[in-house]
Amino acid sequence: MDLIEQLEREATSEVQAADSTATLRELEIKFLGKSGLYTGLLRQIGQLPAEEKPKFGAKVNEAKARLQAMIEERSADLKSGERSAQFEAERIDVTMPGRPLRVGYEHVLQLTTNKIKRVLGGMGFVYKESPELEEFRYNFDALNYPPDHPAMDEQDTFYVDDQYVLRTQCTDLQGRTFETSRPPLRVFTVGRTYRNEAVDRTHSHTFHQVDCFMVDEGISMAHLKGTLGAFARAMFGDDVKIRFRPDFFPFVEPGVDYAISTPKLFNGRWVELGGAGLIHPNILENYGIDTERYSGFAFGLGVERIPMMAYGVDDLRQFLENDLRFLEQFRAMA
Ligand code: FA5
């Protein structure tokens, strides 16, 4: 068997055995490449007698052409096999049900806040914010607390240093507003508040308050009652009743606490919502607002009280505990 035949056999069996287009490409280089085995064979032509050279050359070239054709044919087969393997591997079952997306929804306190903003905003009050890490003077001094007044003890808080406290009430917004704005004013906020409190079912160290006030000519307790009544009806329904009782806050005169009652909830029992009153003239005067001309009302309330009343939640600690079994009950409200 001559060298050409021997090489052709070797090449044929390797090409037949190749199981991927990549191996085939390697074989093509090995046999037919510039420095491949056929080129090596052709180099031997020099050692042949002159009359055999053309025949030898022609035979090598024919063998190369056969091999080239065989490689191409085999490559076409392997390629289609590889394509269908890839197709199988990447096949998508379009009839499979999709993966459910977990869609979030707002926390019940956020939903309540949204509603409060819609209601008070709709009554012409402008939403403003004040910082949770508040200066002591806005939380207390600006609100007519005399130094060392016992009313401050009711709102014992977390002191960060001598100047800053975690605010105990959203009424801190008043001083900040009077510093920069003149009446007529209709302002409210909803925000987080903190107190160093013995925690129980109705008291938390961290809770939320609405604070709302209005200053204009001739504002009286009648405006306060009318506004709170409209607010309560929007939040709890038309059959809600509202009760005022005298109470003391240094920043109002007269001061009241107010409770609501509806036949739907707690058998119509009165439930305290917050405090209110006419803004103490000392405060307005401190900020250079003429109390002969202007007066104002203010009210504040705990946000947690609203869903507690509306849905019969008997322990406000649940709002902070992130237990989905509790929170998911309010999903329908979202
Ligand atoms: C105040 O904080 C006054 N700033 C309210 C006010 C504003 C009066 C404007 C007059 C004019 P009080 O300390 O009562 O008042 O708190 C108001 C409401 O916040 C309470 O009625 C209650 O609903 C809620 N609240 C108070 N402390 C807590 C607490 N530890 N946990 C949950 N809610 C609380």
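Me: Where does asparagine 322 lie?

Reply: Asparagine 322 lies in the loop between α10 (305-311) and α11 (324-327). Those labels are DSSP runs numbered from the N terminus: helices are H or I with at least four residues, strands are E with at least two. By the way, this is a predicted model, so local features need pLDDT of at least 70 and side-chain atom pairs count only at pLDDT 80 or more, while totals for chains, interfaces and linings use all residues. Residues are numbered from 1 along each chain as its sequence is written, and side-chain values use heavy atoms, leaving out hydrogens and water.

Me: What is the phi of asparagine 322?

Reply: Here's the general idea: most residues other than glycine have a negative phi, and most peptide bonds are trans. Asparagine 322 isn't a glycine, yet its phi is positive, about 55°. Asparagine 144 also has a positive value, near 70°, and lies in the loop between α6 (136-139) and β3 (164-166).

Me: In what order do the 7 strands of the open sheet come?

Reply: First, two strands pair if DSSP finds at least two bridges between them. Here the order is β1-β4-β5-β9-β8-β7-β6, with mixed pairing. Zoom in on β1: it pairs with β4 (residues 185-194) in the parallel sense over 2 bridges, and valine 126 stands opposite valine 187 in β4.

Me: Which strand gives the most to the shell around the ligand?

Reply: A residue is near a molecule if one of its heavy atoms lies within 4 Å of it. β8 gives the most, 5 residues; β5 (206-217), β8 (271-279) and β9 (294-302) each supply at least two. Of the 25 residues around the ligand, Gln169, Thr171, Arg195, Glu197 and Ser204 come nearest.

Me: Which atoms are 3.1 Å, 3.3 Å and 3.4 Å from an oxygen atom of the ligand?

Reply: Look for polar contacts, which here are pairs of N or O atoms within 3.5 Å. A backbone N or O atom of leucine 273 lies 3.1 Å from a ligand oxygen. For a polar backbone atom of glycine 302 the distance to a ligand oxygen is 3.3 Å, and for a side-chain N or O atom of arginine 305 it is 3.4 Å. Taken alone the ligand exposes 670 Å², and the protein buries 94% of that (Shrake-Rupley method, 1.4 Å probe).

Terms used
A polar contact is a pair of N or O atoms within 3.5 Å; within protein, one must be able to donate a hydrogen and the other to accept it, and residues adjacent in sequence count only if both atoms are side-chain atoms.
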